[in-house]
Amino acid sequence: MPKIYLLHCFPVPYRNHLFEALDKEAKKRQLSFEVEFFSSYDSSRPTWSYTSDQLKFRHKFWKYIFKKGPVLHLNIDLLWYIFKEKPDIIILGGLWASFNTVLVSLFSNSTVIVWDEVNRFDFGSVKKNFQWIKRRLVDSNKFFAIPGLEAKLYYKELLSMEAFEQKTFLSLPNLVNERLFDFNEEEVQKNQLTLKKEFQLPEDKKIAFWPARLIKDKGIENFIQYLNDDILNEWVIIILGDGPLKKPIQELIALKKLQAKIIQIDTMPYESAIKFYSIANLLIMPSLSDSNPLSLIEGIHSGLPVLVS
């Protein structure tokens, strides 16, 4: 039975659904599919912690000898396993984000598919520094799984036309479990009652929901700078997330006297967080840079109008 190994940093709620879907499709086609995780979780995402029993697809957790940030890993045992097993296909979750993916892309004899979500408007992707390294890595691979046109156009700008025309691009759209966002009337009423009471949300205001990691790329401080009590008027904004800018954002909200209009809520388990979509009137995402935000797809599945940059 042909073997497919997918390399990924650690379990993420929305990715787990995608991996379940890939696993089911692989079984239909009599393929062996397995996800190789570089670690079991990341400390920056404490609510994204899963045991093996919770994951409904074949997988392995590997010990790393080096780790920096959420994605930069080096797993010697994993690399040994990959080169020893020689799977028919290896899907790399990102190309230059990890030592593991770089080494596999350069030295594996398996068919390698680079799964990437870059786009022309993502600051991290278009920075000129290290572009020659990215170009070298892209040149060494033929197959790319991408979510849409903007990712393909990024590679077109990165490579020469001759090199670009030699690449094969496969469609791998961002998937979310849409059933989780098909809220019935009873669920909406229940969520309105419990969430508004728990977080002391005003009854007479429309809710703009903003799920975001509190980092510079999300544009939170930039957006709040332009807000005032008159602009918000009938609205209250719920910012759901944690991150290094938590305190500066709190101070900015206090400085503009918007504590009653902008409410910060700490990160919570995914299954609890998605309930906010059911009580919201609008999803906002004015990011400065965001490759392919799954929150936008979740908001659309929830039937919300969206305000995005």
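Visitor: Welcome me in: which pLDDT do local features need here?
Guide: Residues are numbered from 1 along each chain as its sequence is written, and side-chain values use heavy atoms, leaving out hydrogens and water. In this predicted model, totals for chains, interfaces and linings use all residues and side-chain atom pairs count only at pLDDT 80 or more, while local features need pLDDT of at least 70.

Visitor: How far apart are the closest N and O atoms in the salt bridge of D42 with K67?
Guide: A salt bridge is a side-chain nitrogen of Lys or Arg within 4 Å of a carboxyl oxygen of Asp or Glu. D42 sits in the loop between strand 2 (32–37) and strand 3 (59–61) and K67 in strand 4 (66–68), so the pair ties together parts 25 residues apart in sequence; helices (H or I, at least four residues) and strands (E, at least two) are DSSP runs, numbered from the N terminus. The closest N and O atoms of D42 and K67 are 2.4 Å apart.

Visitor: Is D42 buried or exposed?
Guide: Buried means under 20% relative accessible area, exposed over 50%, and partly exposed in between (1.4 Å probe, protein chains only). K67, at 24%, counts as partly exposed. D42 has 3% relative accessibility, so D42 counts as buried.

Visitor: Which side chain of opposite charge is nearest to D116?
Guide: D116 lies in the loop between strand 7 (111–115) and helix 4 (123–126). Lys and Arg count as positive and Asp and Glu as negative, with His and the chain ends not counted. D116 is buried yet has no salt bridge; the nearest side chain of opposite charge, 8.5 Å away, is K134.

Visitor: Which side chain does a polar contact of 3.2 Å join to D116?
Guide: A polar contact is a pair of N or O atoms within 3.5 Å; within protein, one must be able to donate a hydrogen and the other to accept it, and residues adjacent in sequence count only if both atoms are side-chain atoms. For D116, the partner at 3.2 Å is Y155.

Visitor: Which residues meet in a salt bridge of 2.7 Å, N to O?
Guide: At 26% relative accessibility K246 counts as partly exposed, and D266, at 39%, also counts as partly exposed. The side chains meeting at 2.7 Å are those of K246 and D266.

Visitor: How many salt bridges does the count come to?
Guide: One network of salt bridges links K3, K84 and E85. The count comes to 11.
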